[in-house]
Each structure stands twice: as structure tokens, then as C-alpha cells.
Amino acid sequence: MKIFRENAFKIRFKKNSSYYSFSSLRGLIKLSKFNKVIKKIYKIVASFIRRNYYYYYQYIYQLITLVVCSRIMRFQSLLKFSNGVRNQCRMYMSSGLPEFTQKHYNVKRGNYAMLEDKDVNFFNSLMGGQYVLQDDGSDDLLRYNVDFLRGVRGDSKLVLRPGTTQEISEILKYCNKRHLAICPQGGNTGLVGGAVPVCDEIILSLARLNKVLNIDEITGIASCEAGCILENLDAKAREKNLIVPIDLGAKSSCHIGGNLSTNAGGLRVLRYGNLHGSVLGVEVVLANGAILDLMSNFKKDNTGYHLKHLFIGSEGTLGIVTKLAILCQPVSSSVHVAFVGLNSFNSVLKTFANAKRYLSEILSACELIDARALDASVSNYNLKSPIEQYPFHMLIETSGSNGEHDSEKLNIFLQHCMDNGDVLNGTVTNEVGKIQQIWKLRELIPTALIKDGFCFKYDISLPLRSFYDIVPVLEKHVGSMAKRVCGYGHLGDSNLHLNVSCDKYSRELYERIEPFIYEFTAKLKGSISAEHGIGFTKKNYLKYSKSPEAIAMMREVKKLLDPSGILNPYKVLD
């Protein structure tokens with residue numbers, strides 16, 4: 001890996017071999033010696049970590065924490081907690097669990113039927129009892145009822161885990177007739193409360209619909225079921241020298257169907273565009289159980305209305321996506337990453353403009369990270385940045401087919417930016433291991449900020465020239481109530497991830513942030529949701545990005561496709 005400083009490409013990068021601390025997880029396990037199952041799971045988690053699969057650790061660790069904390073709540077009079085465990089379980093320690101969403105937000109339950117024994121008996125006969133999970137007081141449903149951020153909590157008493165499209169069809173047909181509300185759920189990695197119940201909706205998990213049906217190495221078209229984990233689908237595609245055109249930090253646990261249902265963007269929208277362009281077809285089950293086959297193997301299919309686009313980004317409110325066809329791209333044989341430091345946002349803008357001009361067809365990602373966001377990743381995960389901290393950092397990736405050609409273009413670009421005084425320092429590499437180390441600094445920021453205690457997360461689109469304006473404005477607006485106000489995100493598509501962290505959840509801080517942040521975004525003609533969707537937590541603010549006429553038309557579409565309103569109620573539209 002090359003480090004450049006004042007035009008001299010000579011300082012070598014020293015690999016940091018210590019990335020993860022096992023102490024907090026071990027502390028939890030020591031406190032749970034009474035639970036042998038958890039100890040076995042810990043061994044599996046640790047082996048994944050040693051092989052550097054952080055996000056497997058994160059996902060399974062979340063499940064472990066839920067189980068451990070439920071035991072702690074039952075036996076807390078018998079246990080003494082260390083400070084490390086207190087920090088890891090902060091939200092669960094204060095009140096056991098996040099307050100029920102229905103109570104916290106004073107939501108009036110819709111006029112839906114109550115679950116009865118006859119309903120459970122029907123589902124058992126349809127799928128088999130092992131795929132029908134009931135609330136038996138053992139907290140087994142917590143991981144389905146609580147969201148990734150542990151900020152919202154449903155009260156579902158039943159989780160269904162169908163294995164085929166036909167089973168989902170029968171479930172929805174029955175629920176529509178009985179007027180039972182359904183909450184579709186994928187990997188449960190969303191950040192707006194869209195994948196967990198608000199009240200007592202039946203959770204319909206798509207985890208068992210996880211088959212990769214076909215990948216054609218000639219056309220690049222992959223067909224799969226909606227429950228495929230993104231990383232697994234990508235691994236299958238790479239076996240045929242292809243890649244899935246979406247890459248997210250939560251790729252080891254999020255489902256491709258959930259990505260589609262929220263129109264997730266990710267790290268390389270700059271190169272591959274969003275899912276409206278990459279998804280060729282879908283199979284959807286409507287609220288009445290009808291199966292809508294919109295699968296296609298063509299990039300061009302100009303026959304009538306493009307109905308697939310109704311379901312991309314609809315967050316499970318119009319139908320449940322069960323299959324999809326997606327256009328994959330060839331694996332790049334030459335990948336380079338530059339990580340640079342800059343002194344001002346004006347320099348960031350000029351560097352981005354030069355990246356498009358000098359790198360053009362090989363530019364695949366351009367990320368902005370401010371000093372506080374980088375510090376969260378470095379401090380909370382004991383990582384090392386390859387360069388010292390600057391007010392702003394950019395992670396620039398190129399992907400091409402000729403290493404020498406790409407390297408030359410990148411070096412000319414960087415030299416130009418340094419000569420102009422925009423880039424002050426940086427590092428560039430084409431080594432796989434070191435590329436992964438640099439990307440970790442960016443990909444671990446979301447969970448690093450959660451380690452501050454509690455974090456309010458916002459995902460907005462802003463005009464590029466005003467991309468960072470909201471960060472200092474919000475920092476001044478919240479004052480000392482916040483521990484950290486920072487911004488990072490996808491500069492290439494004007495998507496800012498704005499975060500406000502604090503020691504613990506504060507209603508006062510929440511009311512200081514919202515609706516201020518959405519009002520500011522609206523003044524700049526931005527979008528209140530760039531890629532995370534609207535879900536439950538943003539539904540009251542949709543008016544800041546959509547006109548009354550547009551919202552009224554959305555309601556008409558919802559009424560047409562789901563007249564009983566059983567699909568993911570309380571979400572998207574208020």
C-alpha cells in the first residue's frame with residue numbers, strides 16, 4: 001500500500017493486526033454460564049470472527065444479546081454486572097426492553113381480527129408446526145419483534161416461516177379473509193421500523209425462501225428467492241465471475257428481497273445505479289393471495305405498464321416479493337482504493353468533480369467521511385486509520401480490467417488534486433487485504449456510533465453543493481445534548497447519513513432533532529429518505545418530500561392492491 005504525503009510516494013503502510021476485542025462478548029458469556037446453548041453459540045461466533053467475518057458476528061451476537069439479556073432480567077437479583085456488560089446491554093438494562101411501539105407512539109390499533117386458536121391450527125396444517133412460532137413466554141420471538149437499532153418493538157404473538165410462494169399465497173388468502181394483519185420480514189436490518197410489527201401483526205418471515213435458482217454467466221442474469229442473504233447471493237455470482245450490483249454494510253444478514261422492497265442503494269450506486277435499473281423482474285404475492293408473475297430475463301421489455309416498479313421500494317405494503325431476477329455485472333480484475341484527507345468541504349466537492357473527470361469509466365465508489373464519523377469507527381472498534389485525521393476524508397474506489405492503466409489514471413488524478421492543494425495526504429492500494437481494511441473504517445461506522453450509547457440515524461438526500469450544510473447547523477441546534485453529530489455517506493449519489501449520538505435515549509433530544517432535520521431538508525429540496533425507506537418512524541414526515549397530490553395517489557394505489565389494509569399496516573402512509 002502506498003502512502004502519499006506532499007507529492008512523495010514513499011511511506012509504507014503498517015498493517016494493524018488487532019481489530020477486534022472479544023472481552024465484552026466473553027463477559028456476557030461468563031455471566032451466562034447457566035446457559036450451555038449460548039456458550040456453544042459463542043464458539044461458533046468466535047470462529048467466524050477469527051476468519052474476519054465481522055458481520056456474521058454482529059448478527060449472531062445480536063441474537064445472543066437478546067437471549068442473554070432476557071436471562072439477566074430474570075436473574076438480575078443473583079448477578080452483579082461489570083461496566084462492560086452494562087454498556088453492551090444499555091437499552092435492555094434500563095427498562096428490560098424498548099417500550100412497545102404502540103404505547104410509546106400512542107398508536108391506535110387498526111380494526112383487525114384478533115389471533116385465535118383456529119388460525120394457528122390452520123397455519124400448522126399448512127406448513128407444519130416447526131415453522132409456526134408462538135409466544136410461549138420464553139422470549140423466542142424477541143428477535144422478530146425488536147428492530148436492528150433496538151428502538152422499536154412489536155408485540156406479535158405469532159411468527160410464520162413459509163418455505164414456498166404457494167404457502168405465502170395461502171397465508172395471505174386466509175389472512176385477507178379473516179382480516180388478520182401481516183408484517184413481512186426479511187433480515188430485519190432496516191433502520192426505520194419497517195420490518196417489525198407496530199402492534200400485534202403476524203410476522204411473516206421470508207428466511208426460508210433462500211434459494212438461488214439460476215445464474216447465467218453469459219447474460220449475467222441471476223434469479224433467486226427473496227430470502228437469499230445478499231452476501232450468499234454475491235458469493236454464488238462470483239463463482240461465475242459476476243457480482244451483484246448492490247453492496248451494503250449489512251450484506252451478511254440482509255435479504256435481497258428486503259433490499260428490493262426498500263430500494264436500497266448501498267456503496268456503489270455511482271457505478272451500477274439503483275435497483276429500479278438492475279432488477280429485471282419480480283414475483284409478488286398480493287394481499288388476496290394472488291400470485292403476480294412479473295419475472296423477466298430481458299433488460300428491455302416495453303410491453304405495457306412496468307408493474308415491477310410498484311413493488312420496488314414499496315416496503316411490503318402493496319405485496320410480498322417472493323422471487324426476483326437481477327442483472328449482475330462482471331467482476332473487475334483490477335480494483336484500487338484511495339483514502340485521502342482534506343481540509344474543507346469545498347475541497348471535497350472539487351476532488352469529486354476531478355474524480356469523475358479523471359477516473360470516469362473506472363470510478364466505482366466515492367464516499368465522504370467526516371472527522372467525527374471516522375473517530376467513532378477508530379475509537380469504538382480499536383482500528384487504525386492509515387493516515388492521520390483531517391476534517392474530511394474521502395474513500396475513492398476504481399474498478400477496471402487493466403491494472404497498469406487504472407493505476408496510472410488514479411496516480412494522475414491524485415497528483416492533480418495534491419498540486420491543487422485539495423488533497424493534503426492519503427494512501428492508495430490494490431492489495432485485497434489492505435483494501436478490506438480501509439473499507440472497514442467506512443463500513444463499521446454505523447455500528448460504531450451505536451456504541452456511543454444511543455444513536456439517532458437519518459438517511460437523507462441533499463443537493464450536492466449543500467450536502468454537508470446540515471451537519472454544523474444541526475450540531476449547533478442540539479448543542480450539548482448530543483455526544484457526537486457527524487455525517488458520512490455516498491457522495492456520488494448525494495446520500496448523506498446523518499447521525500446524532502448520546503449516552504442514552506433522550507426524548508428532549510429527539511424532539512430537538514425532529515422535525516427540524518426534515519424541515520431543513522425540505523428547504524433545500526432534498527429527500528427525507530435516500531435509501532432506507534419510510535417505514536414507521538418517518539411516515540409522519542413524508543409530506544416534506546411528497547406533495548399532497550402524490551400522497552393521495554399513493555393511497556389510491558394502496559387501496560387498489562390491498563383494500564383491507566392487512567399488508568404491513570401503520571407503515572409508509574399515516
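The following conversation walks through selected features of a predicted model.

Visitor: In this predicted model, in what order do the five strands of the open sheet come?
Guide: The order is β7-β8-β12-β10-β11, and the pairing is antiparallel.

Visitor: Which strands stand at the edges?
Guide: Those are β7, residues 212-215, and β11, residues 291-294. Each has a single partner strand, so one side of each lacks a neighbour in the sheet.

Visitor: What does the twist average from one strand to the next?
Guide: The average is 10°.

Visitor: Let us take the pairs in turn. How many bridges join β7 to β8?
Guide: Three bridges join β7 to β8, and the two strands run antiparallel. Within this pair, I215 stands opposite A222 of β8.

Visitor: What lies between β7 and β8?
Guide: The two strands form a hairpin with five residues between them. In the turn, G220 has a positive phi of about 80°.

Visitor: Is β8 mostly covered or mostly open?
Guide: Strand β8, residues 221-225, is mostly covered, with five of its five residues buried.

Visitor: Which residues are on each side of β8?
Guide: I221, S223 and E225 are on one side, while A222 and C224 are on the other.

Visitor: Which helix lies across β10, β11 and β12?
Guide: Helix α9, residues 165-178, lies across these strands and runs at about 45° to β10.

Visitor: At what angle do α7 and α9 pack?
Guide: Helix α7, residues 117-127, packs with α9 at an angle of about 165°, and their axes are 11 Å apart. The two helices are therefore roughly antiparallel to each other.

Visitor: Is that crossing left-handed or right-handed?
Guide: The crossing of α7 past α9 is right-handed.

Visitor: Which residues meet there?
Guide: From α7, the residues are K118, D119, F122, F123, L126 and M127. They meet E167, E170, I171, Y174, C175 and R178 of α9.

Visitor: Changing topic: which residues of α22 are buried?
Guide: In helix α22, residues 516-523, the buried residues are I517, Y518, F520 and T521. They cover an arc of only 160° around the axis, which places them on the same side of α22.

Visitor: What do they pack against?
Guide: The buried residues of α22 pack against β18 (454-461), α20 (470-478), β20 (495-502) and α21 (507-513).

Visitor: How far apart are the axes of α20 and α22?
Guide: The axes are 11 Å apart, and the helices pack at an angle of about 150°. That makes α20 roughly antiparallel to α22, because an angle over 145 degrees counts as such. Their crossing is right-handed.

Visitor: Which peptide bond is cis?
Guide: The peptide bond from E514 to P515 is cis, with omega near 10°. P515 lies in the loop between α21 and α22. At the other end, α22 is followed by K525, whose phi is positive, near 60°.

Visitor: Where is N263?
Guide: N263 lies in the loop between α11 (256-262) and α12 (269-272). Its phi is near 50°, a positive value in a residue other than glycine.

Visitor: Is N263 buried or exposed?
Guide: N263 counts as buried, because its relative accessibility is 17% and the cut-off for buried is under 20%.

Visitor: And where is N382 found?
Guide: N382 is in the loop between α16 (371-380) and β16 (392-400). Although N382 is not a glycine, its phi is positive, about 55°. N382 counts as partly exposed, because its relative accessibility is 48%.

Notes:
Residues numbered from 1 in each chain as written. Predicted model: local features only at pLDDT ≥ 70, side-chain atom pairs only at ≥ 80, totals over all residues. Heavy atoms only, no water. Pairing = 2+ DSSP bridges. Helix = DSSP H or I, 4+ residues; strand = E, 2+ residues; numbered from the N terminus. Axes fitted to C-alpha atoms, helices over the stretch in contact; angles between N-to-C directions. Contact = heavy atoms within 4.5 Å. Buried < 20%, exposed > 50% of the residue type's maximum accessible area, 1.4 Å probe, protein only. Arc of directions from axis to C-beta. Parallel < 35°, antiparallel > 145°, perpendicular 65-115°, else oblique. Left-handed = near helix turned anticlockwise from the far one by under 90°.
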